[in-house]
Amino acid sequence: MGTVTDPGVSQAAAQQPQEMTDGFSLVIEALKLNGIDTVFGLPGIPITDLTRKLQAAGLRVISFRHEQNAGYAASIAGFMTQKPGICLTVSAPGFLNGLTALAHATTNCFPMILISGSSEREIVDLQQGDYEEMDQLAIAKPLCKAAFRVLHAEDIGVGIARAIRAAVSGRPGGVYLDLPAKLFPQSIEAAIGRNSLIKVVDAAPKQIPAADAVKRALDLLRGAKKPLIILGKGAAYAQADADIKALVERTGIPYIAMSMAKGLLPDTHEQYAGAARSFVLPGADVVMLIGARLNWLLSHGKGKTWGGATSKAWGGQKYIQVDISPIEADSNVRTDAPVVGDIGSCVAALNAGLGNNWPKPPAEWLDAINDKKTKNVAKMAETLAQNPSPMSFQSALNVVRDIVKANPDAYLVNEGANALDFTRSIVDMYKPRKRLDVGTWGIMGVGMGYSVAAAVIGKQQVIAVEGDSAFGFSGMEVETICRYNLPVCVVIMNNNGVYRGDEKNPTGGPDPSPLVFVKDARYEKMMEAFGGVGKHVTTPQELRAAMEEAIRTRRPTLVNAVINEGGGTESGRITSLNPTAKKK
Ligand code: ADP
Ligand code: TZD
Ligand code: MG
């Protein structure tokens, strides 16, 4: 593109060489202008130079071994910070590798922008076989909240502003931004370029709930005999921690936390009913969901979990749903009192309406919950105190529980089946947004990407409790962890397989069962291969020593914890979704 000349300028001015800028600089300046300081990605045509220039411009560029992991890192960075996490990839295959993470971000309501370089439009659209040819925009669209393509350098500012707004406003989600190769070297006058950039004002505007909706919810809650609050990861995301604590404590209502909302209030809080979950769900009469969907993770509000007579029947609970999405209400069962708005504004409005003499829930309900809790906690303590050989999930996780208690600022990344479910129920969390896990899809593969992001963005120790199968999805990123020298301690719950390691090939043939891996695999050597610390442990004492050392030294560490290969159940705790699960 040539320079734009204004016929009105004087001869002398026209003779001055124009200061020029290009697409590279404008992308970088637009990101910086909007406070984006970190990019997760993987270089190659046509974005190699962009990664160099981003780093030269002072942004942190974290380069991964596979785009999916860079994408997961970006998605969780979005959850942690309320700023869109950025994942940068090459065209077709790199884009596709990043796409799973983009869909994951959208599903989980995490703000993220996948920026992919793309091939020549004219050639792609005529399907003439360009290098890495693919109509990326069309493919991304159904998997994200919004998708944009920028063809002209002077539109970069608008493209990035729209991407940011779409990612973080309303219900957050994934956004795709397509930047064709030809955009980057496009040259335009610097003044025009500068002027085209947009610093987004109020990217995620507050959404104040209607007064009558708040009143309807409070009236319902006030009349409840057995009220329950369920905090979800939307509540954690909202960073309205003090208001949520005030709501819980001023109402005295028992609460449970969905997996990634654990620690929003400390799990040791006296009103926390997590240890009586299967009692409070069917028992409650009014349930207030705050940033939690009534999806499969809550049995859709139906069936035995909720006291329903059949799997389709719901237990007759009344629901208050606090959510930014107006179409979430009635998604599974009737919502009696939707409160639509951002959680900060909604919870503040609810608090303002509580008044000074909010009636505490009936003692009968609270006592019954406490009874259940006490019994279940005692039962759990008994199991945790056992010291079998080989280690059980419980005896190993008892150690992790102590270590997390002693290091409440550490991030806990968690994936697997049994390795996930046992960790969620055994390891208490003490601070908000510290537990990062498989989320709405129960997806495997987030482990190392999340760990990198937590260490880079959160700047704290990371403990990643991983099933041996789960770890395999992103295991190569231990090199990334070593390369950036991140304080990540990976603990593999190694039971030699998916769910269990003792399955046999029923034919007696030479192939192993599809569910098992090489026995006694030495995963710790993967970390050693890149200069990190590897430990192979078979007792809780050794596990404790290894984790303590990792945290003391902050060195990249992989602890391969040998777990009884027969100790797990198929699908962990979600056997109900797997009707053909093999019962052991
Ligand atoms: P969980 O898996 O923990 O139950 P979900 O992902 O199912 O949580 O639900 C999160 C909910 O939170 C979504 O319905 C989303 O619309 C909502 N949400 C996310 N951010 C906000 C926010 N800032 N304010 C209000 N609601 C939000
Ligand atoms: N692929 C993806 C992307 N996500 C999935 N959830 C699965 C496959 C299916 N799956 C689970 O739901 S858990 C799991 C798989 C493969 C692994 C379980 O084995 P693990 O954990 O070693 O990680 P445990 O402790 O052995 O149960
Ligand atoms: Mg396993």
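A residue is called buried when its relative accessible area is under 20%, exposed when it is over 50%, and partly exposed in between (1.4 Å probe, protein chains only). With that in hand, let's start at strand 4 (residues 85-89), where five of five residues are buried. Strands here are DSSP runs of E with at least two residues, and helices are runs of H or I with at least four, numbered from the N terminus. A word on the model: it is predicted, so local features need pLDDT of at least 70, side-chain atom pairs count only at pLDDT 80 or more, and totals for chains, interfaces and linings use all residues. Residues are numbered from 1 along each chain as its sequence is written.

Strand 4 is covered on both faces: Gly85, Cys87 and Thr89 are buried on one side, Ile86 and Leu88 on the other. Strand 4 pairs in parallel with strand 2 (residues 38-41) over two bridges, where pairing takes at least two DSSP bridges. Here Leu88 is the bridge partner of Gly41. Strand 4 also runs parallel to strand 5 (residues 112-118), with five bridges.

Now turn to ligand 1, which is surrounded by 20 residues, each having a heavy atom within 4 Å of the ligand. Helix 11 (residues 233-237) gives the largest share of this shell, three residues. Polar contacts are pairs of N or O atoms within 3.5 Å. An oxygen atom of ligand 1 lies 2.5 Å from a side-chain N or O atom of Asp323, and for Arg171 the corresponding distance is 2.8 Å.

Note on methods: Chains are lettered from A and ligands numbered from 1 in the order in which they are written. Side-chain values use heavy atoms; hydrogens and water are left out. A polar contact is a pair of N or O atoms within 3.5 Å; within protein, one must be able to donate a hydrogen and the other to accept it, and residues adjacent in sequence count only if both atoms are side-chain atoms.
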